[in-house]
Amino acid sequence: MVEWTGKQFAYQQVADDLRRRIADSEFADTGQLPSYGDLQKAYGVTVTVARTAINQLKADGLVVTHQGKGVFLTADASRSAAQLVDPVATVAELRDEVDKLRTEVGKLRQRVAALEGN
């Protein structure tokens, strides 16, 4: 259950909580989010709030909906959600990757220079 802050709309708070849960791989086993009815019960919200929260997740590229079947995670939902939930950690990860790439490019430059020198 989300603790309602009053600082954001209810649908935003539900969407934020679902993003966090997706990032934590809570739905990874089934690849499916709870139904709108289950979301209504779990969060104590209207179906409109539940739908709007899911629409936010769709806009983020985290889920797809299939009428009559449910809401399903996209292939990279956990990673994408983690980036949305903790952008600071994502930036740190990207910096590490850039450093690794710089090192590899430096090595490749040395190899190319050695090959061109022969």
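1. Let me start with Gly31: this glycine is buried, with a relative accessible area of 18%. The cut-off for buried is under 20%, so Gly31 at 18% makes it into that class. Bear in mind that we're looking at a predicted model.

2. Where does Gly31 sit? You'll find Gly31 in the loop between H1 and H2. Setting aside neighbours within four places in sequence, Gly31 is in contact with Val71, Phe72 and Leu73.

3. Now the core. The largest nonpolar core has 20 residues, and the ones with the most contacts inside it are Leu18, Ile22, Leu33, Ile54, Leu57 and Val63. At least two core residues come from each of helix H1 (10-23), helix H2 (36-43), helix H3 (47-59), strand S2 (70-73) and helix H4 (77-85). H3 gives the most, with five residues.

4. Ile54 deserves a click in the viewer. Not counting residues up to four places away in sequence, Ile54 touches Leu18, Leu33, Tyr36, Leu39, Val63, Thr65 and Val71.

5. On to the H2/H3 pair. These helices pack at an angle of about 110°, their axes 9 Å apart, which means H2 is roughly perpendicular to H3. On the H2 side the contact uses Tyr36, Leu39 and Gln40, and on the H3 side Val47, Ala50, Arg51 and Ile54. By type, the residues of this contact are five nonpolar, one polar and one charged.

How values were computed
Residues are numbered from 1 along each chain as its sequence is written. This is a predicted model: local features need pLDDT of at least 70, side-chain atom pairs count only at pLDDT 80 or more; totals for chains, interfaces and linings use all residues. Side-chain values use heavy atoms; hydrogens and water are left out. A nonpolar core is a set of buried Ala, Val, Leu, Ile, Met, Phe, Trp, Tyr and Cys residues joined through side-chain atoms within 4.5 Å. Buried means under 20% relative accessible area, exposed over 50%, partly exposed in between (1.4 Å probe, protein chains only). Helices (H or I, at least four residues) and strands (E, at least two) are DSSP runs, numbered from the N terminus. Contact means heavy atoms within 4.5 Å. Axes are lines fitted to C-alpha atoms, for helices over the stretch in contact, and angles run from 0 to 180 degrees between N-to-C directions. Angles under 35 degrees count as roughly parallel, over 145 as roughly antiparallel, 65 to 115 as roughly perpendicular and the rest as oblique. Ala, Val, Leu, Ile, Met, Phe, Trp, Tyr, Cys and Pro count as nonpolar, Asp, Glu, Lys and Arg as charged, and the others, Gly among them, as polar.
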